[in-house]
Amino acid sequence: MASRRALATLGPLVHRRAAPALKPTSLCPRCQSRRQSVSQRPGSDRVHFPGAVNSSFTSALSFTRPSEKDAMPTFRILDQDGAIVDQSQNHPETSKEELLKMYKDMVTVSIMDIIMFDAQRQGRISFYMVSAGEEGIAVGSASSLSPNDPIFAQYRETGIFQYRGFTPSDFMAQLFATANDPGRGRNMPVHYGSTKYKVHTISSPLATQIPQAAGAAYAVKVQNQQNPTDEQRVVACYFGEGAASEGDFHAALNIAATRACPVVFICRNNGYAISTPTLEQYRGDGIASRGVGYGIDTLRVDGNDILAVREATRQARALALSDGGKPVLLEAMSYRVSHHSTSDDSFAYRAKLEVEDWKRRDNPIVRLRKYLESCGLWDDDSEKVLRSEARKAVLEAYRKADKEKHPPLRNMLTDVYEEMTEEQVEQLGKMRGVVERFPDEYDVSGFEEGVEGLRMK
Ligand SMILES: Cc1ncc(C[n+]2csc(CCOP(=O)(O)OP(=O)(O)O)c2C)c(N)n1
């Protein structure tokens, strides 16, 4: 976030007085806001109203009807068989090491997902969400960001954490709410966050991360301007198409566009928001069409094609840094093959056959595997080794974390204020009294310091 000093220097970015008349569509070189003269030139064939600066007059009354327009195309590099669709496109080559890292990261996440989904079913953890079918969006996009770009995620982007360096133990510390969890066990499982890897902590209320990302991108814009010789950063922000129905989405895209914030918005459109299918979520052309409406450069990409997601994000990042900074929207198309979470049974609202069909027909992991095999970079033996090693690493971390204690109970109340308030101290004392009086009802042996953890330190 911008420091107080940085904010004090925001002055030049904010224009309080109207600029002298310029060409109607010229952009302010500093903040990229549109400067316009509102005068209508005599005899002009175009409207120069302040709200529509380059609209030609017409005498034909014709509504713009979205239903008559083609849907925006979907960019892809690989087809469903993992073959390059158009060799003439000359996209930059991805190194062998990078291709293998992306593949291994996707497979590792998918293996951890299966193990942890079952762990919830067995009562070892309270909740879990898998990213099956969407691993390519998280891993592919993360591969084109700088490790220093701050990220705001929703909850189905585990691949980001995996790509940036989370170990199985890091995941397990959060999932089991152990004392090693930097969040001190305060969040639901899968609500990871990491200062080290510059990913803001995930929060449950949908879409809150989107305006936060726009604001962070404004701070990053200021920092980029103040330190032009440092690495220029963008913010990346992930959300589902369901979250895009929240007011926060619209406020965020508009402020990011009007303030020209360097943020790459990445929508995972997986067809469902829990039980709500896209047909009931919106009637426009997906989420991409909304980016255009906000004046944001937009691309729809095949989310099952990790190479396409990687290239789209690389170009989106470059665009976001151009012209002093601006937002870009990617809509990554996919299908949520899993249940929404461990609290959901998706066969109550969609046919099993539909899911099986998607699983069989298309999948980011299988697609990349086919491509790697066609390049001679992968075979059955490497697959067996990868799967068994990933499984072993996850299970080892799982078993260890399962035995570890939760942080001391006082952490429920700490960090809300710099120092605990008198009321909090009193509440802590009352809680301790209750636990001491009813030890059979409140078994606190799983928490570090036991009942003593309810004492101030
Ligand atoms: C403000 C708010 N409303 C409702 C919910 C309940 N909820 C949790 S996830 C979800 C669906 C979100 O769908 P989408 O954004 O498409 O992401 P997906 O789960 O499909 O990845 C809903 C409605 C919530 N967490 N926050």
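Visitor: Which residues come nearest to the ligand?
Guide: Leu206, Gly240, Gly242, Ala243 and Ala273 come nearest, out of 16 residues around the ligand. A residue is near if its C-beta atom, placed from the backbone, lies within 6 Å. Strand S4 (235-240) and strand S6 (272-273) each give two or more residues to this shell; strands are DSSP runs of E, at least two residues, and helices runs of H or I, at least four, numbered from the N terminus.

Visitor: What kind of model is this?
Guide: It is a predicted model, where local features need pLDDT of at least 70 and side-chain atom pairs count only at pLDDT 80 or more, while totals for chains, interfaces and linings use all residues. Residues are numbered from 1 along each chain as its sequence is written.

Visitor: How does the shell around the ligand divide by residue type?
Guide: The shell holds 7 nonpolar, 5 polar and 4 charged residues. Ala, Val, Leu, Ile, Met, Phe, Trp, Tyr, Cys and Pro count as nonpolar, Asp, Glu, Lys and Arg as charged, and the others, Gly among them, as polar.

Visitor: Why are H2 and H3 called oblique?
Guide: The axes of H2 (residues 96-121) and H3 (residues 135-142) come within 10 Å and cross at roughly 140°. Under 35 degrees is roughly parallel, over 145 roughly antiparallel, 65 to 115 roughly perpendicular, and the rest oblique. H2 and H3 are therefore oblique to each other.

Visitor: What forms the contact of H2 with H3?
Guide: Met102, Asp105, Met106, Val109 and Ser110 of H2 and Glu135, Gly136, Val139 and Gly140 of H3, with contact meaning C-beta atoms, placed from the backbone, within 7 Å. These residues are 4 nonpolar, 3 polar and 2 charged.

Visitor: What makes H2 oblique to H13?
Guide: The axes of H2 and H13 (residues 380-403) come within 9 Å and cross at roughly 45°. That angle makes the pair oblique.

Visitor: Which residues of H2 meet H13?
Guide: Lys104, Val107, Thr108, Ile111, Met112, Ile115 and Ala119 of H2 meet H13 residues, including Leu386, Ala390, Val394 and Tyr398. The contact divides into 10 nonpolar, 1 polar and 3 charged residues.

Visitor: Where does H2 meet H12?
Guide: Leu99, Met102, Tyr103, Met106, Val107 and Ser110 of H2 meet Pro364, Ile365, Leu368, Arg369 and Leu372 of H12. That contact has 9 nonpolar residues, 1 polar and 1 charged. The axes of H2 and H12 (residues 364-374) come within 10 Å and cross at roughly 145°.

How values were computed
Axes are lines fitted to C-alpha atoms, for helices over the stretch in contact, and angles run from 0 to 180 degrees between N-to-C directions. Two residues are in contact if their C-beta atoms, placed from the backbone, lie within 7 Å.
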